[in-house]
Amino acid sequence: MEAGTLNSDRKIKGETGMLENGGWIWAEDPAETDSYAEFYDTFFYERGTAELEISCDSNYAVYLNGKLAAFGQYADFEHYKVADRINLAPDCQKGENHFAVVVWYFGAESSTYCIGKAGVIFLINGENTVP
């Protein structure tokens with residue numbers, strides 16, 4: 001599945017580090033109402049921290065090594081995005097870890113949702129600790 005870069009003029013609330021400089025991705029452009037996209041990656045973990053920073057338009061579910069690790073997205077606005085920070089370390093295994101995120105784009109105006117552009121941005125940060 002190919003992913004395209006989205007507009008980079010979205011603002012992200014808080015100290016989100018590299019998220020502010022990253023690129024939003026989505027599977028198709030334009031996205032259809034009520035559509036889903038899946039994104040996969042792998043990373044290596046020995047010990048220490050493993051923190052996920054993630055933001056999307058509308059909702060997400062994160063899987064680590066086939067197990068549901070986190071889900072949700074705080075309601076926000078297209079012009080003022082928020083990012084969730086999730087500690088992945090308890091679910092990491094030593095060595096290669098398989099990361100997947102499924103994103104749902106609502107895409108229809110409602111009393112609890114303002115239409116935005118479909119997309120997701122995420123970063124996994126880690127720091128190994130040496131005894």
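## Salt bridges across the chain

Lysine 94 and glutamate 46 form a salt bridge in which the closest N and O atoms are 3.9 Å apart; the term denotes a side-chain nitrogen of Lys or Arg within 4 Å of a carboxyl oxygen of Asp or Glu. This pair joins distant parts of the chain, 48 residues apart, with lysine 94 in the loop between S7 and S8 and glutamate 46 in the loop between S3 and S4. Lysine 94 is exposed at 64% relative accessibility, whereas glutamate 46 is partly exposed at 41% (buried means under 20% relative accessible area, exposed over 50%, partly exposed in between, with a 1.4 Å probe and protein chains only).

By this rule the count comes to 3 salt bridges. One of them links lysine 67 to aspartate 91, with 3.1 Å between the closest N and O atoms. Lysine 67 belongs to strand S6 and aspartate 91 to the loop between S7 and S8, 24 residues apart. Aspartate 91 is partly exposed, with a relative accessible area of 23%.

## Basis of the model

The model is predicted, so local features need pLDDT of at least 70 and side-chain atom pairs count only at pLDDT 80 or more, while totals for chains, interfaces and linings use all residues. Residues are numbered from 1 along each chain as its sequence is written, and side-chain values use heavy atoms, with hydrogens and water left out.

## Overall architecture

The chain contains 0 helices and 9 strands; helices (H or I, at least four residues) and strands (E, at least two) are DSSP runs numbered from the N terminus. Of its 131 residues, 38% count as buried.

Four strands form an open sheet in the order S3-S8-S5-S6, with antiparallel pairing; two strands pair if DSSP finds at least two bridges between them. Strand S3 (35–45) and strand S6 (67–71) stand at the edges with a single partner strand each, so one side of each has no neighbour in the sheet. From one strand to the next, the twist averages 25 degrees (axes are lines fitted to C-alpha atoms, for helices over the stretch in contact, and angles run from 0 to 180 degrees between N-to-C directions). Within the sheet, strand S5 (residues 59–64) pairs with strand S8 (residues 95–105) over 6 bridges in the antiparallel sense. Asparagine 59 has tryptophan 104 in S8 as its bridge partner.

## Strands S4 and S7

S4 and S7 pair in the antiparallel sense over 4 bridges, and leucine 52 stands opposite isoleucine 86 in S7. The covered face of S7 holds Asp84 and Ile86, and the uncovered face holds Arg85 and Asn87.

Glutamate 53 lies in strand S4 (residues 49–57) and is buried, with a relative accessible area of 3%. The side chain of glutamate 53 meets that of arginine 85 in a salt bridge (3.8 Å, N to O). Arginine 85 is partly exposed at 47% relative accessible area. Glutamate 53 also makes a side-chain polar contact with the side chain of asparagine 125 (2.8 Å); such a contact is a pair of N or O atoms within 3.5 Å, where within protein one must be able to donate a hydrogen and the other to accept it, and residues adjacent in sequence count only if both atoms are side-chain atoms.

## Phenylalanine 71 and phenylalanine 77

Phenylalanine 71 lies in strand S6 and is exposed, with a relative accessible area of 63%. Phenylalanine 77 is in the loop between S6 and strand S7 (84–87) and counts as partly exposed at 44%. The C-alpha atoms of phenylalanine 77 and aspartate 57 are separated by 8.8 Å, the two residues being 20 residues apart along the chain.
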